[in-house]
Amino acid sequence: MDYFLSEEQMMIKELARQIAVEKIVPVRQELDEKEEFPWEIMRVLAGSDLFGLFIPEEFGGLGKGSLELTLAVEELSAACLGVSTTYAANALGTYPILLFGTPEQKQKYLPDIAAGKRLVAFGLTEANAGSDAGGIQTTARLEGGHYVLNGTKQWITNGGEAEIYTVIAMSDKSKGPRGASAFVVEKDTPGFSFGKKERKMGIRASATRELVFEDCRIPRENILGREGMGFIVAMKTLDSSRVGVGAQGVGVAQGAFDEAIKFTRSRVQFGHPIIAFQAIQHMLADMATEIEAARALVYHTARYMDSGANDVTKVSAMAKLFATDMAMRVTTNAVQVMGGSGYMREYPVEKMMRDAKILQIYEGTNQIQRNVIAQNLIKEAAKAK
Amino acid sequence: MRIAVCIKQVPDTAEVKINRETGTLVREGVPSIINPYDMHAIEAALGLRDALGGKVTAITMGPPQAEAALREAISMGVDDGLLVTGREFAGADTLATSRALSGAIRAIGADLIVCGKQAIDGDTAQVGPEVAEFLDIPHVSYVRKIIEAEIDHEARGSIKVERLMDEGVDVVQAELPALITVVRELNTPRLPSLRGKINAKKTEIKKLSAAEIGLTPEVVGFNGSPTQVKKIFTPAPRCGRRVLEGGLEEQVEALVKELMEKKCL
Amino acid sequence: MPLKVEKNVCSGCGACITVCPYDAIKMEGGKAEIGEYCQLCQACLTACAEGAIKEYKGDLEKPGQADLSAYKGVWVFAEQRGGKVAPVAFELLGEGGKLAGQRGVELCAVLFGATRQEARELVRRGADKVYFCDDEIFTNFEDEPNAGLLASLINEHRPEIVLAGATAIGRSFLPRVAARLKTGLTADCTGLEIEPETGNLIQTRPAYGGNIMASILSPGTRPQMATVRPKVMKPGRCDDSRQGEIIEVKAGEFRRSRAKVLASIREEEGAMKVNLQEADVIISGGRGLKGKEGFQMLRELAVLLGGTVGASRAAVDEGWIPYCHQVGQTGKTVAPKLYIACGISGAVQHLVGMQSSDIIVAINKNPEAPIFNVATYGIVGDLNEILPLLIRKLKERKNGR
């Protein structure tokens, strides 16, 4: 199908696919089994300019938008969600600087990020603040020219591997959500350390760690936006990144679907390739239809965001919700149509199914996405009166 | 350093299948690619340019569609492309090809010429050394490692490399200008970059005909080729195939016996 | 000869387009048109049911050398490594002797940089004359002195045929000689014969990754030059009573070399040399070996059989074994007496590198693997069972003897 992509958008898709096929597919199983961080692939992505995709040209990027990032994430996800999570989390961590950074902050960080020289992570989640971002307990106390950070961030993607962290902490606990602020913390800052690497069900190539702040002093100018804007920074960041998670869903589903088609054409039972059986055909037809529906929603949302629209919360939540629930179904059914083979590690679909599960959980569980959508529906209905 | 990379567009033999009945190659739908060895040549040239500065020009001889190979090279970071093209070049053997390529190289000037060891369609490995001879410059074949390269302001310089021989490795130092042919071991070719791809779309590919490189039609293409293909045929299928029978142990026993009889052991 | 389509005969069926390996034929106005990408492989010629595709003589006669008959004799470049003549030189003398016999001319060898004793060995192996230069410039292999002196000798003595081994050395410097003499050179030949009517040398070589064979002529120029794949030709018989002339030549001006060998390192892996092209027995492993450890069994087998270890590209790409062991299109082309392929499925790229081996044994768990199509003997099963069994049986034989 023609998705009405521009020539440059086609190039981005092509390039990301080439990287996926040549550099990721051959190593994905090993990365998964060894739970190894994909540094080599990150270097390839850096060389290909893909880290600079959504960063303005004045800061060394290519000045593209959400759709371009979506296309890249989708293609990488078709090969390995662990790798694409690492890539997408880098974008997630970069958004606070891109959206709220001062010109000086942008000049300081964005060129290195665009060149893929320094990796970024976003630190929001805590033991008692996951879906409830208001429960943040990490504090940032102003002491002269410094903020002093104390607390622990949990399950931070790229934690320990990234060099730049955008972190949400409470600068004034008494104000509740309005007392949160966003900061840039660099890796080697004294008082900043990492917990052990988490052992996960899927996306094992990606690194997930605790960020531990113990009287960690950062310069006052490392605050992003003003004091008290932390919650807004977090919400706007998630608004920007959600569609990327949707793109991951489309990608992994497509990857699993392609494996399923290949397999069902060659596997013979009762004297026929199993793709000749209606039971299989109907499953494949449903899978393909759902993938296209999700892709349409994801692409359209990205285009809407790129048009400069402000009200992207609802539609980006929808894209994330629909595409990732779809991804879970499609990867599960890919295992199903491939039967015993699908369950074996010799084929990639069992990994895709394990990987896909995270999409329904991270960057706001799909239950939270439904809350977000519903809240917006209520608001819209109220406005319409 | 001015570096010229000679590349060739070839059918992707990894995609070529043989029709078992007719014994002919099934060429339908087989994509054209840059000869895989030449990808290593491009990487070597880019690596040297990145380290020493200068410019890399990719050169190919072929029909107009060979331009795609040059654009692919540019997407990897090559600075510009030069297409030696025209009907007069058709049917060239290695001598005529080398004559044309060396003429083009002379036209642009180069301190170092990098070629892949051989092309996967012809497998002759002759064009590199022949180009060097036409240009009257030294060459080193089968380079598996570039140890160092240096060049001064008057284009005097040298390149020190490891050359892969049948029974080991030679360390060879060549005066510049020189030509090297490279093997797969040398490096891992980089993937294109997005900026490179955008650049490749925009860059104008320079085209040269025989006349423009000072060659007459008699010395290029078919007319300038001393070798001629008399006939093409498919290799005879192997015969004497024997299926071994019995359990594994019996099969192995039978194999050892057969090999003894054939005096292989 | 260039190929042309006779438009009034062409039915526009497109059969030629399908078989053309170079995508050189297009349909124009319902008729096939051969474009400039044509490599003259003639695949279309045989495919055309109507016989519409014909060879035609170009308008221009080739600028050939005036008097081809002034060229007489068959020459063999006898390459030496470390002062010893390489075995391929004896094979070339064997083959060259046959050609010289048919042409009724003498067989000469050219030896640069070994000892007089080695030159005498060439006489024993069939050379009537040996052009011998013991200049120390030839101790290490450098292209320019070899190319310069050989080209000069050819110009002086005018042989009609010059052969060299298709080895690292032969394939590196012989193209320089051909370019200097503006004559034809055919790479990596596996067959040589004299065309009876013309006396031309028919040089047969695999092309297109060995999927097709091409017979090549250089009708208009002399000498006709070829590099010949090692292990394909039978070495000449050694005859101690043979007499021949050893003619010393001087390197002189050809000592100039702008690419100097600074060091020469012979690589040996354990006690085993990795000279795949000259091994009589090769035990190769592929992806089916599952890892580095698998190659240990192959090494044990290789020691037992006095062979060397090869590998498929897949195994090399996995990093299980260095590249110098790779057999196939992007590795070495080999033709040993015995080739044992273990856990190699047999991709075309691998097959072209080993299918001219005398005996091929394939061991693979997949009975459908293409390797079995070229195998003399095939065993279907698990390597981890078969290889230890084979090693045990071979040891029993050895001890029993």
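This is a predicted model: local features need pLDDT of at least 70, side-chain atom pairs count only at pLDDT 80 or more; totals for chains, interfaces and linings use all residues.
Q: Why is C:R229 called buried?
A: A residue counts as buried when its relative accessible area is under 20%. The relative accessible area of C:R229 is 7%, so C:R229 is buried.

Q: Where is C:R229 found, and what is C:R229 in contact with?
A: C:R229 is in the loop between β15 (224-228) and β16 (245-248) of chain C. Beyond its neighbours within four places in sequence, its contacts include C:E91, C:A166, C:D188, C:C189 and C:P206.

Q: What makes the link between C:R229 and C:D188 a polar contact?
A: The cut-off for a pair of N or O atoms is 3.5 Å. The side chains of C:R229 and C:D188 are joined at 2.9 Å, which is within that cut-off, so the term polar contact applies.

Q: Why is the meeting of C:K393 and B:E249 called a salt bridge?
A: The term requires a side-chain nitrogen of Lys or Arg within 4 Å of a carboxyl oxygen of Asp or Glu. For the side chains of C:K393 and B:E249 the N to O value is 3.1 Å, so the pair qualifies as a salt bridge.

Q: How many salt bridges and how many residue pairs in polar contact are counted between chain B and chain C?
A: The count is 13 salt bridges. For polar contact, the count is 36 residue pairs, both residues at pLDDT 80 or more.

Q: Which element gives the largest share of the side of chain B that touches chain C?
A: That element is α6(B), with 11 residues. Elements that each supply at least two residues include α3 (94-108), β9 (139-151) and α6 (248-261) of chain B. By class, this side of chain B has 40 nonpolar, 22 polar and 31 charged residues.

Q: How many residues are in contact between chain B and chain C, and what area is buried there?
A: In chain B 93 residues are in contact with 111 residues of chain C. The buried area is about 9700 Å², and carbon and sulfur atoms give 54% of that area.

Q: How do you know that β14(B) and β14 of chain C pair?
A: Two strands pair if there are at least two bridges between them. β14(B) and β14 (residues 212-217) of chain C have 5 bridges in the antiparallel sense, so they pair. In β14(C), the bridge partner of B:K231 is C:S215, and that of B:I232 is C:A214.

Q: What makes β13 of chain C a partner of β14(C)?
A: Pairing needs at least two bridges. Here 5 bridges join β13 (residues 201-207) to β14(C) in antiparallel fashion, so these strands also pair. C:P206 stands opposite C:M213.

Q: Why is β14(C) called mostly covered?
A: Buried means under 20% relative accessible area, and 6 of the 6 residues of β14(C) are buried. One side holds C:I212, C:A214 and C:I216, the other C:M213, C:S215 and C:L217, and both faces are covered.

Q: What percentage of the residues in chain C is buried?
A: Of the 401 residues in chain C, 60% are buried. Chain C has 11 helices and 24 strands.

Technical notes:
Residues are numbered from 1 along each chain as its sequence is written. Chains are lettered from A and ligands numbered from 1 in the order in which they are written. Side-chain values use heavy atoms; hydrogens and water are left out. Contact means heavy atoms within 4.5 Å. Buried area is the accessible area (1.4 Å probe) that two parts lose on being put together, summed over both. A polar contact is a pair of N or O atoms within 3.5 Å; within protein, one must be able to donate a hydrogen and the other to accept it, and residues adjacent in sequence count only if both atoms are side-chain atoms. Helices (H or I, at least four residues) and strands (E, at least two) are DSSP runs, numbered from the N terminus. Ala, Val, Leu, Ile, Met, Phe, Trp, Tyr, Cys and Pro count as nonpolar, Asp, Glu, Lys and Arg as charged, and the others, Gly among them, as polar. Buried means under 20% relative accessible area, exposed over 50%, partly exposed in between (1.4 Å probe, protein chains only).
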